[in-house]
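Hello,

Here is the structure I promised to pass on to you. Have a look at it, and then read on for my notes.

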Amino acid sequence: MLKRIHGGAMFTGDGSTLPALEERTSSQIAEKRAIARTAAARIRDRDAVLLDGGTTTLEVARLLVGRPLQIVTNSLPIANLFASSHETDLILLGGYVYPKTGVALGPLTVGMIADIHVHQTILSVGGITAKGLFNSNLLLAETERQMMHCADEVVVVADHTKIGRQALAFLCELSEVDALIVDRQLTAAQRELLDQAGAPVILAGEAAEGPSS
């Protein structure tokens, strides 16, 4: 049930496989872009921002190109956006690169994150329930937990299709994130789930408030 990789092992059972990035990019694209605009508006110039490798964080990254920021990421597609930018400092996290998604995961990545501090970590997730946040890969969840620990503020970006869905690996409780940015296509039941769980919800398009100083 385990595949040996450099620096550790990866679970290969059902549910561990992430869909390829290109398969996920086109789904809910309007919602993801609305979420991205709200997330990007909360980021201040000269902030240090850590972006994980989801499709919604990729939309956030597109809006940050050309701004004076320090960008930290484990995503090759996101890093490629900033590789030639003179305005942005880019720090690329290394490690085992998950096939098709271009995201570095695992112990080597976690070790690099331990030496980094950022103003915001912006994460995507595979599912959100009353229990908390979930993702589809055990190594990804481990890596994202370290990303949370190194930030002043943890922001989760997720479209409405993730609400009520559970995935293989538990990431954290909703109380451990500072903002959950979602689109306005939430059903009444989904909104009630988030409200009862005490999730710090920001609807895409709401007036942006940046992280506290």
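**Around threonine 56**

Leaving aside residues up to four places away in sequence, threonine 56 touches Lys32, Ile35, Ala36 and Val157, where contact means heavy atoms within 4.5 Å. This is a predicted model, in which local features need pLDDT of at least 70 and side-chain atom pairs count only at pLDDT 80 or more, while totals for chains, interfaces and linings use all residues. Residues are numbered from 1 along each chain as its sequence is written, and side-chain values use heavy atoms, with hydrogens and water left out.

Threonine 56 lies in helix H3; helices (H or I, at least four residues) and strands (E, at least two) are DSSP runs, numbered from the N terminus. With 2% relative accessibility, threonine 56 counts as buried (buried is under 20% relative accessible area, exposed over 50%, partly exposed in between, using a 1.4 Å probe and protein chains only).

Just after H3 comes glycine 66, with a positive phi of about 90°.

How do H2 and H3 pack? Helix H2 (residues 29-41) meets H3 at an angle of about 50°, with the axes 8 Å apart. Axes here are lines fitted to C-alpha atoms, for helices over the stretch in contact, and angles run from 0 to 180 degrees between N-to-C directions. H2 and H3 are therefore oblique to each other (under 35 degrees is roughly parallel, over 145 roughly antiparallel, 65 to 115 roughly perpendicular, and the rest oblique). On the H2 side, the residues that meet H3 include Ile29, Arg33 and Ala40, and on the H3 side they include Thr55, Glu59 and Leu63.

**Aromatic rings and cysteines**

There is 1 aromatic pair in the structure. The ring centres of phenylalanine 134 and phenylalanine 170 are 5.4 Å apart and the planes are at 70°, so the pair is edge-to-face (centres within 6.5 Å make a pair of Phe, Tyr or Trp rings, using the six-membered ring of Trp; planes under 30 degrees apart are stacked, over 60 edge-to-face, the rest tilted). Phenylalanine 134 sits in strand E10 and phenylalanine 170 in strand E12, 36 residues apart. Phenylalanine 134 is buried at 5% relative accessibility, whereas phenylalanine 170 is partly exposed at 37%.

Searching the whole structure turns up 0 disulfides (pairs of cysteine sulfur atoms within 2.5 Å). Cysteine 150 is buried at 5% relative accessibility, and cysteine 172 is buried at 1%.

Best wishes
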